[in-house]
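Here are some friendly notes to read alongside the structure. Keep the 3D view open and look up each residue as you go.

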Amino acid sequence: MALLITNIKELLQVRDTPTEKVSGSEMATLPTLHNAWLLMQNGTITGYGTMETCPADFSGEIIDATGKTVLPTWCDSHTHLVYAGNREQEFVDRINGLSYEEIANRGGGILNSAKRLNETHEDELYEQSRKRLEEVMQLGTGAIEIKSGYGLTVEGELKMLRVIKRLRENYPVAIKATFLGAHAFPTEYKENHTAYIDLIINEMLPAIASEGLADYIDAFCETGYFSVAETERIMEAGKQYGLEAKIHVNQFTAIEGIAACVKHNALSVDHLEIVSDTDIEALKNSRTMPVALPTCSFFISIPYTPARKLLNAGLPLALATDYNPGTTPSGNMNLVVATACIKMKMTPEEAINAATINGAYAMGLSSTHGSITVGKKASVIITKPLNSFYELPYAFGSNLIDTVIINGQKI
Ligand code: NIG
Ligand code: FE
């Protein structure tokens, strides 16, 4: 299957040399080609250039992209899109004045979703989840990380991870699975944290590893959830099974969890709505990617990750949705990019870098996803005609996508 896109007004994120991630001031540059062509064969990008070099004797399908912009599909490195039911009542409770914390303390929040998940059959869970995955593919996501963490029992966690595996087998989108057994303490373990962490380490992890169900390990490192020491135990245990860490941290409070994650060589630290100077120092010269989730901040009215502070310190930043039933019931990366520009003062160039190449890095996919590079996956978004790519975040809320191609397949 060969596909040639011609007359592209602007081809974004063109990187001739392999790039793992971009940091600090590099993020302000988004390399592009004007009046371009892009060739994709057997699901892989095989060539691109400006129209004067366009292949003349091409015999496959040609898409004329006159007036349109083409960019790599979004890389959403943090989601919880496998879940059962939703939590609109909590949404209304928050409108009426309750905080996320107050709702959780009343048995709502993560434990509410865990109860529903454990009552839902695996096939039904798959049905609900595949609809969300299909929706985000239409919205331009071509690579995605999905977490467990609403089971909180051996069977519940395995059920979630098996659903993620089934999604991976049935859809062209690249999927990475993260084990998040340490998402919250089930009620029966409220007073005995050690026993729940023992369950995670001695029962959940070996079962997950024996079925090869997870790529990464996560924990919710936060006041009232998993302490820094507890998170470190989880990261160490994950390492025994070859699972690198991607950790929820600094969502509500800064408790020096970031330094612990860096010490354990975490691949990413996610949320970072509250960031101290010590956290920034810890991240410098590390391999750990900070990941911001601006539509979570928007939905539950908490501060936005201080992007300018991180970038000015020379750090990289990735953007992801956090798609989940409690704090972000949306998997729309277009809205994430717009929100990052509007509320975090990222430029469109920075936000697109954060949502493509850096997102790919944050889930170990930057050698195959996140840029227009020969040899990478043929996964691109073709927009509707645009004045410039600045219109993508500017016209927030409009769907400016014309066509999504994932692994060479039109979605
Ligand atoms: O990333 N903060 C922890 N976990 C999710 C929310 C989970 C929930 O409320 O269901 C998050 O925001
Ligand atoms: Fe999350």
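1. In which loop is Pro-55 found? Pro-55 sits in the loop between strand 3 (44-50) and strand 4 (61-64). Helices and strands here are DSSP runs, numbered from the N terminus, with at least four residues (H or I) for a helix and at least two (E) for a strand. Pro-55 counts as partly exposed because its relative accessibility is 26%; buried means under 20% relative accessible area, exposed means over 50%, and partly exposed lies in between (1.4 Å probe, protein chains only). Leaving out residues up to four places away in sequence, Pro-55 touches Leu-4 and Trp-37, where contact means heavy atoms within 4.5 Å. Pro-55 and Leu-4 are 51 residues apart along the chain, with 8.8 Å between their C-alpha atoms.

2. A word on how to read these notes. This is a predicted model, in which local features need pLDDT of at least 70 and side-chain atom pairs count only at pLDDT 80 or more, while totals for chains, interfaces and linings use all residues. Residues are numbered from 1 along each chain as its sequence is written, chains are lettered from A and ligands numbered from 1 in the order in which they are written, and side-chain values use heavy atoms, with hydrogens and water left out.

3. Now step back to the whole chain. The protein chain is divided into domain 1 (2-71 + 371-410) and domain 2 (75-361), with bounds that come from an automatic or database domain assignment. Domain 1 gives 28 residues to the contact and domain 2 gives 32 residues. Taken over C-alpha atoms, the centres of domain 1 and domain 2 are separated by 29 Å. About 2,300 Å² is buried between domain 1 and domain 2, and carbon and sulfur atoms give 67% of this area. Buried area is the accessible area (1.4 Å probe) that two parts lose on being put together, summed over both. On the domain 1 side, Lys-21, Met-27 and Ile-406 lose the most area to domain 2, together 27% of what that side buries.

4. Next, find His-183. This residue lies in the loop between strand 8 (174-182) and helix 6 (193-210). His-183 counts as buried because its relative accessibility is 4%. Its side chain reaches the backbone oxygen of Gly-149 at 2.9 Å. That is a polar contact: a pair of N or O atoms within 3.5 Å, where within protein one must be able to donate a hydrogen and the other to accept it, and residues adjacent in sequence count only if both atoms are side-chain atoms. Beyond four places in sequence, the residues that His-183 touches include His-80, Tyr-150 and Phe-220.

5. Among the buried residues of helix 7 are Val-228, Thr-231, Ile-234 and Met-235. Strand 8, helix 6 and strand 9 (216-221) are among the elements that cover the buried residues of helix 7. After helix 7 comes Gly-242, with a positive phi near 75°.

6. With a relative accessible area of 0%, Asn-250 is buried.

7. How many of the residues of helix 12 (residues 333-344) are buried? Nine of the twelve are, so helix 12 is largely enclosed by the rest of the structure. Those buried include Met-333, Val-337 and Cys-341. At the start of helix 12, a side-chain oxygen of Asn-332 comes to within 2.9 Å of the backbone nitrogen of Asn-334. Lys-345 follows helix 12 and has a positive phi, near 60°.

8. Finally, the cysteines. A disulfide is a pair of cysteine sulfur atoms within 2.5 Å, and by this rule the count comes to zero disulfides. For Cys-261, the closest cysteine sulfur is in Cys-221, 6.0 Å away, too far for a bond. Cys-261 counts as buried at 0% relative accessibility, and Cys-54 counts as buried at 19%.
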